[in-house]
Amino acid sequence: MEPAGIVIEKLAKMYARRGSEVHALKGIDLEVRGGEIFGLLGPNGAGKTTTVGVCTTRVKATSGRVTVNGIDVRADAPAVKRSIGVVTQFRTLDRSLTIRENLAMHAMYFGLHPKDAWVRADELLADFRLSERAGAFPDELSGGMAQRVQVARAIAHHPSVLFLDEPTAGLDPQSRLALWETIEGMHARGITVFLTTHYMEEAESLCDRVAIIDHGQILVLDTPQALKRSISAETVIELRLEAPNDALVERLRALPGVVSAQASGDAVRVLTASQDGVLPRILAEANSAGLKDMTMTKPTLETVFISLTGRDLRE
Amino acid sequence: MSSGSATLESSTLAPRARRAMYARAFYGLIRRDMRVARREAFQLSMRTIMNPFLFVFVFAYVFPKIGQQFQSGGGISFATIIVPGLIGSAIIFNGISAVALPLVMEFGATREIEDRVMAPLPTAAVAVEKIVFSAAQAVVAGLVVFPFVYLIPSTPVSVHVNNWPLLIGVFLLAGLVSSALGMAIGTVANPRQIGLVFALIVIPVTFLGCVYYPWARLHPILWLQILVLINPLVYISEGLRTALTPSVPHMHPWAFFGALLALFALLMWMALSGFLRRVID
Ligand SMILES: Nc1ncnc2c1ncn2[C@@H]1O[C@H](COP(=O)(O)OP(=O)(O)OP(=O)(O)O)[C@@H](O)[C@H]1O
Ligand SMILES: [Mg+2]
């Protein structure tokens, strides 16, 4: 028997629309272990939604194979659907139904007896602090609240794997934190969580392991800590300069203790290892190019992404 | 609720358990549609009743009263001739609307079909449920119209059912053909075009569906008599005519049953392939 979780092998997806071809996924391999929170981090258009689409039976792969809990998504879609919960990137609540009906009907689709389905709906309403709005229609809810309903609906049938496609996009910080807590709650109950995001803080603080995807390819896959260690830098120094130039960047790179230096716009981003005297030497060089401002931070997953691709996540 | 036990269950889904899973999901979808239909019952019945009510009122009540008559010939009142036609057009209008209107929104603008597509049954079954439910809704619409077209006219209406199985067969097939047509329309149109689609397809279908005259009477306009044979409402009207008003000229049952079955197969194929194309990328 194949292991619980998700196994993605050599997955490729090509969309053909009006003559043009988009290679959304170029043969990716991933393995999400049962019970972990797995994050797929990448910029717009990287292929996150397409990956989730294939895993949830909604997108047909061009080639490759995906199994969820050991079941091939192409061979037996209904059996896969039974054991997964999905929150898509789009608001998909049923607008003809109230919140409570949305939850109960979903539970009925998954075989609950109507009586039990209504009980389950009420239970979820209470768990997600939605009881007061039970009779409201989806159009009457705020974005954060609608998202809470979507998550509640996705777990109404006790799935063992939960897919969340950019679950916190467009939420205010408070709703985002609340949703993170909810996701951690599911994790504690043993549910496998596969989430996509382009917020590196989200991937960093929530996920056991993270894969970074860009242009339909997986660049790296590891724990957030290991990924940050992999760039072997202790500090990220961002210099804003009057006159940044290539020669300066070259000189910075040559300094002992500097891991890398990269110009972007009027700024230069320098990664440094912990070594005495590195900061004064950098400052001396920067002053000669008209230093306006400087910030120092610890490396984040964003730093990892930039050092892999040379681009910002949100570019 | 550990993932381990879920794996065990899923990979050993016995045929019986699978059938039960599909059946429950299908039943859940039906419950959902019933709930929505109940909530919209008033709106639905207004949509169903207004057209035939006004039509019968003006042409079969007011006209005879004020002495303005249609030449119906053969001693058969116009009121009798339009009974099957108006029931047929109520069925086809409701069948199309019940599927096409929500579907166009759910595919194009709101994507709210998503949750139903994720129910644990084959995706095509989600489409079949929609067609079956809307067919039932269309049949009910046909029944709702009957008392209006029967009671309002100021001239005698003569309706005789001597073959109940035939009547029931025509009703059911009419409902299914209409909602399959609705889905075929709903999967190709987008929300911005739906008004145009109704103007270009639904209105001609109802006006040129042999609602106001039997098909045989079109003989003087041969090209039209042949052209309208692509219109499913022609066979529905003629079928209902055969079942309800046998004294009016009508097609042979083999002709309209054969045509309706063939149209149903064709439209069903278009509807299901369109649905799958819209739902699976
Ligand atoms: N249905 C489709 N038809 C054609 N091209 C598509 C379709 N869906 C996605 N694409 C293309 O495939 C690529 C990957 O898209 P995808 O939606 O998977 O990215 P994403 O990582 O989810 O991006 P975002 O952060 O914007 O949601 C993009 O170039 C996109 O334009
Ligand atoms: Mg996406």
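How many residue pairs are in polar contact between chain A and chain B? In this predicted model, the count is 15 residue pairs, with both residues at pLDDT 80 or more.

**View 1. Chain A meets chain B.** The contact draws 49 residues from chain A and 38 residues from chain B. Together the two chains bury about 3800 Å², of which 58% lies on carbon and sulfur atoms. R58(A), R82(A) and Y109(A) provide 22% of the area that chain A buries against chain B, more than any other three residues.

**View 2. Charged pairs between the chains.** Seven salt bridges are counted between chain A and chain B. In one salt bridge, the side chain of E101(A) meets that of R39(B) at 2.7 Å, N to O. Among the elements of chain A that give two or more residues to the side touching chain B are β1 (5-17), α3 (99-109) and α4 (114-127). That side of chain A comprises 19 nonpolar, 16 polar and 14 charged residues.

**View 3. The shell around ligand 1.** Ligand 1 is surrounded by 15 residues, and G45(A), K48(A), T49(A), T50(A) and Q89(A) are the closest. The site is shared between chains because residues from both A and B surround ligand 1. α1(A) contributes the largest share of the shell, three residues. The shell contains five nonpolar, six polar and four charged residues.

View 4. An oxygen atom of ligand 1 lies 2.9 Å from an N or O atom in the side chain of E166(A). From chain B, the side chain of D281(B) has an N or O atom 3.5 Å from a nitrogen atom of ligand 1. Ligand 1 exposes 630 Å² when taken alone, and the protein buries 72% of that.

Conventions: Residues are numbered from 1 along each chain as its sequence is written. Chains are lettered from A and ligands numbered from 1 in the order in which they are written. This is a predicted model: local features need pLDDT of at least 70, side-chain atom pairs count only at pLDDT 80 or more; totals for chains, interfaces and linings use all residues. Side-chain values use heavy atoms; hydrogens and water are left out. Contact means heavy atoms within 4.5 Å. Buried area is the accessible area (1.4 Å probe) that two parts lose on being put together, summed over both. A salt bridge is a side-chain nitrogen of Lys or Arg within 4 Å of a carboxyl oxygen of Asp or Glu. A polar contact is a pair of N or O atoms within 3.5 Å; within protein, one must be able to donate a hydrogen and the other to accept it, and residues adjacent in sequence count only if both atoms are side-chain atoms. Helices (H or I, at least four residues) and strands (E, at least two) are DSSP runs, numbered from the N terminus. Ala, Val, Leu, Ile, Met, Phe, Trp, Tyr, Cys and Pro count as nonpolar, Asp, Glu, Lys and Arg as charged, and the others, Gly among them, as polar. A residue is near a molecule or strand if one of its heavy atoms lies within 4 Å of it. Accessible areas come from the Shrake-Rupley method with a 1.4 Å probe; for residues, only the protein chains shown count as cover.
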